[in-house]
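Student: I would like to learn how to read single features in a protein model. Could we go through some, one at a time?

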Amino acid sequence: MSTTAKYEVAVIGGGPAGVAAAIASARTGAKTVLIEPNSYLGGAGTASLVGPWMTNYYKDTQVIRGVFQDVVDELVHYEGSTGTLKCPYDNPGETKGTGGHITPFDVEILKFVLNKLVIEAGCDIRFNTLVDEVHATDGKIHSVGLRTKSGRSTLEAKMFIDASGDGDIAVAAGAEFEQGRKSDGLTQPVSSLFKMSYVDMDQFIDYTLANRDELIWVSYPILPKGLPSHFSDRMVCLSGFNNLIAQGQKSGELNLGRERITLFSDYRKGDMLFNATRLNRIDGTNNNDLIRAEIELREQVISLVGFARKYLPGFSNASVSSVASKVGVRETRRIIGDYVLTQEDVLKGNQFADGIAKGCFPVDIHSPSDKTNVWVELDGAYDIPYRSLLPVGLENVILAGRNISATHEAMASSRVQSHCMAMGQAAGVAAAMAAEQGVSTREINVTQLQDILREQKAIVAGDI
């Protein structure tokens, strides 16, 4: 027998954006539920091992705080992170691969911390729950159909936050969207991250210091004093080894979809995270494509693990210790909103009166059609306007995460997890306000929204 639950705010998707939205909504006072198809929260950071978190700083100024900082502080408390680390470069103004700061984290501790913060905020969690129906009329979602092992049910809410990553809820309710780049509709490639353990990190780091010519970029993060003794005392992040990779591919010994490998040593001794696999021409909203990606990328992982043990310094006794349980998708649908964030907005550090979050990660486009990358530094931190969270034609839906209204190029900056948390926090407060006041998403007072976000220690327009 179908049952119906009623909430003021329903957040669909428990990734970085959805978690921040749920916490912020509940802290603002709304009766909130967070719906997640997996049995844990964290999305890309946990299911896809996407780490470390990319920068929440522009140069040396912190521009993302709020819920993101709450999560980092909890991780540090439970020895799940070092906190945010500065990544220096040889060339002033260069931040390739990191944006200038990174925040390493432990995936399993993160799952616990996110549960803790969501529950402490007063939000209900629905794990293992799929939204398979959206009931909407006249630009308003009235309810959604849920499916679990226990059966089917209906959930009603005044406000819905689409933090699904793919814009599933907004599209089902009638929102228009774009996908991929203008020229051919292709999206950025997908990847499967993985970790190797028992790496001789001193040997590897010493090698990189002596062989800079083999690397496209490299940075040695600055570690704070007073870390636990079992934490790393040296770390490195880099991209390169192009000649080695080319030789392996030419000989047939290495199956890899990239011309180089990108590595981040972990804050735990001997662990190395690989962001190195790649598969192009995958539509992340097509299940057959995703099945193919899961199979082909795991083949790349195993090939690279064997290759690394044989050829990378310090890896002879290393072994694979974890592989993403879900392929990492960089880009799918981008919902058309009241304002479309552009590449110029991002690169020029444009400011908006209705800015509800800041962005600071450079434009990072993994080519949809070949093995190249585009990396463009920003002139300054930019505002993400509230209007980019509002899907055209929908009155009680707010977007959060990589599905916001942005161009292909702008999304290449705004998609990273720290930014998604900042957007999610704003979406959560806005939804709670609209639910309490009985108005549409466009009728709330944006100045009041910004003030509440500041009370929650977020950084918004005019603060930097």
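Student: Is Ser 367 buried or exposed?

Tutor: Buried means a relative accessible area under 20%, exposed means over 50%, and partly exposed is in between, with a 1.4 Å probe and protein chains only. Ser 367 counts as buried because its relative accessibility is 8%. Before we go on: this is a predicted model, in which local features need pLDDT of at least 70, side-chain atom pairs count only at pLDDT 80 or more, and totals for chains, interfaces and linings use all residues. Residues are numbered from 1 along each chain as its sequence is written, and side-chain values use heavy atoms, with hydrogens and water left out.

Student: Where in the chain is Ser 367 found?

Tutor: Helices (H or I, at least four residues) and strands (E, at least two) are DSSP runs, numbered from the N terminus. Ser 367 sits in the loop that joins strand S23 (363–366) to strand S24 (373–376).

Student: Which residues does Ser 367 touch?

Tutor: Contact means heavy atoms within 4.5 Å. Not counting residues up to four places away in sequence, Ser 367 touches Arg 181, Pro 189, Arg 278, Asn 280 and Thr 372.

Student: Asn 280 was in the contact list of Ser 367. Where does Asn 280 lie?

Tutor: Asn 280 belongs to the loop between S18 and H7. Asn 280 is buried, as its relative accessible area is 18%. Leaving out residues up to four places away in sequence, Asn 280 touches Pro 189, Ser 367, Pro 368, Ser 369 and Asp 370. With Asp 370 there is also a polar pair: the backbone oxygen of Asp 370 lies 3.1 Å from a polar atom of the Asn 280 side chain.

Student: What is the phi of Arg 281?

Tutor: Arg 281 has a positive phi of about 60°, although this residue is not a glycine. Arg 281 lies in the loop between strand S18 (272–275) and helix H7 (287–311). Phe 241 also is not a glycine and has a positive phi of about 60°. Phe 241 is in the loop between strand S16 (237–240) and helix H6 (242–251), and is buried at 3% relative accessible area.

Student: Which form, cis or trans, does the peptide bond from Gly 51 to Pro 52 have?

Tutor: The angle to read is omega. For the bond from Gly 51 to Pro 52, omega is near -10°, and the bond is cis. Pro 52 lies in the loop between strand S2 (32–35) and strand S3 (53–54).

Student: Is Tyr 78 buried or partly exposed?

Tutor: Tyr 78 is partly exposed, because its relative accessible area is 32%. Tyr 78 is found in the loop between helix H2 (66–77) and strand S6 (85–86). Its contacts, not counting residues up to four places away in sequence, are Ile 109, Phe 112, Val 113 and Lys 116.

Student: How many helices and strands does the protein chain have?

Tutor: The protein chain has 11 helices and 26 strands. Buried residues make up 61% of its 464 residues.

Notes. Polar contact = N/O pair within 3.5 Å; in protein donor to acceptor, adjacent residues only side chain to side chain.
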